[in-house]
Amino acid sequence: MVGYLGGGPLVEGLLKVGSCLEARAGVSVELFLKLVERAPREEYGDFGFPLLRFVRADSIEGVVGSVASCLGGSVDYLSLDVVKGFLNIRFNEVKLGGVVIDLTANGWAPGIARVGDGEVKTIVVEHTSANPVHPLHMGHARNSSLGDTLARMLKARGHRVVRRFYVNDMGRQVAVLTLGFKILGLTPQYVASRLKAKIDHAVGWVYALTHTTIDLVLARKGAIEENVESLASTIARLREKDVELADMIIENVMKLEDPEAELSRIMSRYEAGLEPERSIVRSVAGKVIEGFKETLEKLGVEFDYWDWESDVVWSGLLSSTLEKLKGSRYIVKHKDALALDVARVAKEVVEPSGELSQTIRLPRGFEIPPMILARSDGTTLYWTRDIAYSLYKFESSKADMVVNVIAGEQRLPQLQIRLALLALGRVREAVNMIHYDYEMVRLPGRVMRGRRGEYVSLDEIVEDAEARALQEVLKRNPGLGVEEARIIAGKVAVGAIRFSLVQPGALKPIVFDVEKVLNFEENTGPYLQYTYARAHNILEKHGPIDFSLADPRAYGDSLRRALLIQTLTYPLVAAKAADELRPEDLASYLLKLADTFNRWYQRDSVIHEQDMGAREAKAILVKLVRDVLSSGLGVLGVPVLERM
RNA sequence: GGGCCCGUAGCUCAGCCAGGACUAGAGCACCGGCCUUCGGAGCCGGAGGUCCCGGGUUCAAAUCCCGGCGGGCCCGCCA
């Protein structure tokens with residue numbers, strides 16, 4: 001079983017019940033923790049476990065009696081009983097409260113329960129990995145928010161976490177961009193200053209213009225199916241920004257007889273490390289990455305490593321991996337190209353093993369197409385490089401697990417990569433490479449298309465949110481200086497954006513709605529930030545807590561009691577959310593906690609409390625809430641604020 | 001044509017994986033109260049639902065299975 005260190009008295013109580021249940025009823029502690037849940041009604045107790053699923057109805061009473069005697073006197077602050085087939089656990093709030101008061105006096109605060117010493121893993125989280133050809137947009141924001149939150153959760157759980165960004169600089173997209181800059185013969189810095197734009201935005205403009213013009217050429221030749229008029233109008237729209245530069249790109253691209261051949265040439269020259277492609281790509285993509293960093297920094301997202309796809313090739317890692325693949329018995333020729341028969345890997349390696357087919361996630365009855373490893377001209381494809389990179393992620397960090405935060409549209413290639421790892425005999429890596437998939441953010445009625453310059457950039461969203469937050473802050477705190485208001489507004493904006501992207505389950509399609517992100521009311525990040533600020537200020541007004549005076553009998557009141565139980569559940573909820581990679585569970589827990597707290601403090605004053613024992617006990621409750629919010633918001637990357 | 005994801009109040013979502021305490025919960029918007037505050041980004045109350053549809057399994061289905069429908073994504077010597 002996984003450990004839950006430092007979970008506090010409530011979690012320890014539950015764990016003891018779980019281990020007694022394991023000893024006396026054969027229900028594993030793990031299963032117990034999975035199924036135990038808050039009781040829906042107070043009269044049932046605090047937590048319930050559906051024992052009827054595991055034990056015959058007529059023997060339930062006996063089993064629970066046996067569990068109770070197993071517990072013996074080891075925990076005196078909880079009791080068990082049976083209602084409607086559920087094993088119900090009720091905490092004695094006065095005894096539990098007493099334990100908590102002592103612990104808190106000695107510096108304990110609820111945080112994510114940590115795994116045991118022997119269970120610490122090294123986990124690589126690769127996320128965002130946007131193509132360095134245009135600025136980050138809302139779609140990437142969901143990826144970054146999820147990825148960064150996962151990394152924070154796993155780290156708080158006690159694991160070693162390595163955050164990686166994979167720079168895709170070898171694909172056609174970068175080649176398109178390189179063509180644009182080759183034509184211009186200008187640096188991205190110069191273009192940016194001419195356009196008076198942030199550098200990644202300026203590069204994005206060159207990219208969209210070059211790409212769309214290429215497509216126009218191809219469409220006219222009938223090589224691709226795109227509407228010529230709509231391409232032309234996109235070009236006209238983009239051109240307005242800087243007619244002179246635009247015309248250079250447009251005219252020169254139009255002159256190309258075979259743009260596709262030109263792109264291939266650029267790609268293979270870059271793959272070979274030749275100039276000027278090498279310098280152009282590295283400098284242009286490098287500048288875009290600088291723009292990414294600036295944007296991500298605002299959101300509190302950082303990386304440990306920026307891995308360039310080209311380095312995977314130039315370091316020889318790709319060729320050595322390819323050599324190993326060539327030695328595999330699953331290698332085939334597919335229409336003259338070197339390919340891997342991943343369908344056969346699935347049939348021969350995965351299917352016979354029930355365990356593998358669960359983790360590898362094979363779609364049922366689906367013909368998995370062969371995976372082309374190299375074009376007939378010998379150049380490689382991005383997924384071939386991704387096989388090598390996958391191995392690199394494991395090896396360079398000695399990782400036990402790799403979490404790839406990648407949109408759901410890449411499910412098939414991700415599956416093929418896992419199968420390729422199996423073909424190489426790398427079972428451990430295949431099983432421990434998790435595709436954390438999420439559905440993409442869409443604009444109402446259409447998708448965001450970087451190659452047409454159609455997207456809502458993340459910088460714009462952050463700016464809008466900051467402006468909106470600033471209005472709110474100034475409205476609510478007229479006395480605040482503008483500088484301080486700006487700082488606060490920035491944090492509120494980040495809280496709003498990150499929370500809104502992490503709160504819905506990752507598989508829910510999100511249609512982007514500015515108003516929704518800019519809403520700061522209940523069920524939002526700012527609502528939680530506000531609740532934290534209130535809790536903090538109550539404690540400030542209250543002054544230092546005198547723990548020796550705190551009287552746990554004060555926790556008999558039903559809202560206070562609810563708050564006590566709820567805050568003490570945090571270590572378990574957060575640990576489970578981390579283990580299951582479900583940030584949304586943590587988000588909804590925090591919202592519920594904030595609701596309970598807001599309901600309570602408005603009708604049960606702390607600093608006006610006359611009874612000193614109750615006053616200090618209540619102050620401790622506020623501290624528990626504040627500490628939980630601080631931990632939870634920290635994990636979600638929502639900044640905490642003491643004033644707002 | 002095949003595969004995968006999603007479908008719960010007008011809107012955004014939780015609950016589904018591990019079926020029972022569900023008389024299906026929140027928020028937004030709407031209606032009515034709290035401007036006598038430990039800061040109203042809050043609190044109290046109201047109204048609002050064929051849990052997409054149809055079968056099946058079960059003592060019991062929003063939850064599991066089958067078949068549809070609707071939306072999205074994928075099935076390329078693109079990334």
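**Exercise 1. The largest cavity**

Sort the residues that line the largest cavity of this predicted model by class, and find where they come from.

Solution. 
Step 1. By class, the lining of the largest cavity holds seven nonpolar, two polar and one charged residues.
Step 2. The residues in question are D169, M170, G171, V174, A175, T178, I266, M267, Y270 and V281.
Step 3. Helix 6 and helix 11 are the elements that give two or more residues to this lining.
Step 4. The space in the largest cavity comes to about 40 Å³.

**Exercise 2. The second largest cavity**

Describe the lining of the second largest cavity and name the element that gives the most to it.

Solution. 
Step 1. The second largest cavity has about 30 Å³ of space.
Step 2. Its lining consists of E126, D386, S390, K393, N404, I406, Q414, I417 and M433.
Step 3. Two or more of the lining residues are given by each of helix 17, strand 11 and helix 18.
Step 4. Helix 17 gives the most, with three residues.
Step 5. Sorted by class, this lining has three nonpolar, three polar and three charged residues.

**Exercise 3. The largest pocket**

State the volume of the largest pocket, and work out which elements line it.

Solution. 
Step 1. The volume of the largest pocket is about 1500 Å³.
Step 2. Two or more lining residues come from each of helix 5 (138-156), helix 6, helix 8 (199-220), helix 11 (259-271), helix 17, strand 11 (401-407) and strand 13 (441-442).
Step 3. Helix 11 gives the most, with six residues.
Step 4. In total 50 residues line the largest pocket, and N131, N168, Q173, E409 and Q410 lie nearest its centre.
Step 5. The lining divides into 18 nonpolar, 19 polar and 13 charged residues.

**Exercise 4. The second largest pocket and L581**

Find the residues closest to the centre of the second largest pocket, then examine the backbone of L581.

Solution. 
Step 1. The second largest pocket contains about 860 Å³ of space.
Step 2. It is lined by 31 residues, and the closest to its centre are M401, I434, D579, E580 and L581.
Step 3. Helix 16 (354-360), helix 18, strand 12 (433-438) and helix 24 (558-579) each give two or more residues to the lining.
Step 4. Strand 12 gives the most, with five residues.
Step 5. The classes in this lining are 14 nonpolar, six polar and 11 charged.
Step 6. L581 sits in the loop between helix 24 and helix 25.
Step 7. Its phi is positive, about 55 degrees, although L581 is not a glycine.
Step 8. Most residues other than glycine have a negative phi.
Step 9. The relative accessible area of L581 is 12%, so this residue is buried.

**Exercise 5. Two further backbone features**

Locate N523 and the cis peptide bond between E275 and P276, and decide whether N523 is buried, partly exposed or exposed.

Solution. 
Step 1. N523 belongs to the loop between helix 22 (514-517) and helix 23.
Step 2. Phi of N523 is positive, near 65 degrees, in a residue other than glycine.
Step 3. The relative accessibility of N523 is 46%, so it counts as partly exposed.
Step 4. The bond that joins E275 and P276 is cis, with omega about 5 degrees.
Step 5. P276 lies in the loop between helix 11 and helix 12 (277-298).
Step 6. Most peptide bonds are trans.

**Exercise 6. The surface near RNA strand B**

Which residues come nearest to RNA strand B, and which polar contacts can be listed?

Solution. 
Step 1. There are 69 residues around RNA strand B, and F86, R476, K508, Y601 and Q602 come nearest.
Step 2. These 69 residues divide into 28 nonpolar, 15 polar and 26 charged.
Step 3. Helix 23 supplies the largest share of this surface, eight residues.
Step 4. Of the RNA strand B atoms within 4 Å of the protein, 71% belong to sugar or phosphate and the rest to bases.
Step 5. A phosphate oxygen of RNA strand B is 2.8 Å from a polar side-chain atom of E522.
Step 6. A polar backbone atom of D604 lies 3.2 Å from a base nitrogen of RNA strand B.
Step 7. A polar backbone atom of E642 lies 3.3 Å from a base oxygen of RNA strand B.

Note on methods: Residues are numbered from 1 along each chain as its sequence is written. Chains are lettered from A and ligands numbered from 1 in the order in which they are written. This is a predicted model: local features need pLDDT of at least 70, side-chain atom pairs count only at pLDDT 80 or more; totals for chains, interfaces and linings use all residues. Side-chain values use heavy atoms; hydrogens and water are left out. A residue is near a molecule or strand if one of its heavy atoms lies within 4 Å of it. A polar contact is a pair of N or O atoms within 3.5 Å; within protein, one must be able to donate a hydrogen and the other to accept it, and residues adjacent in sequence count only if both atoms are side-chain atoms. Helices (H or I, at least four residues) and strands (E, at least two) are DSSP runs, numbered from the N terminus. Ala, Val, Leu, Ile, Met, Phe, Trp, Tyr, Cys and Pro count as nonpolar, Asp, Glu, Lys and Arg as charged, and the others, Gly among them, as polar. On a 1 Å grid over the protein atoms alone, a cavity is a set of points where a 1.4 Å probe fits but cannot get out, and a pocket is an open set with protein on both sides within 12 Å along at least five of seven lines; lining residues have an atom within 4 Å of a point. Grid points are joined across faces, edges and corners, and a volume is the space filled by probe spheres set on the points. Buried means under 20% relative accessible area, exposed over 50%, partly exposed in between (1.4 Å probe, protein chains only).
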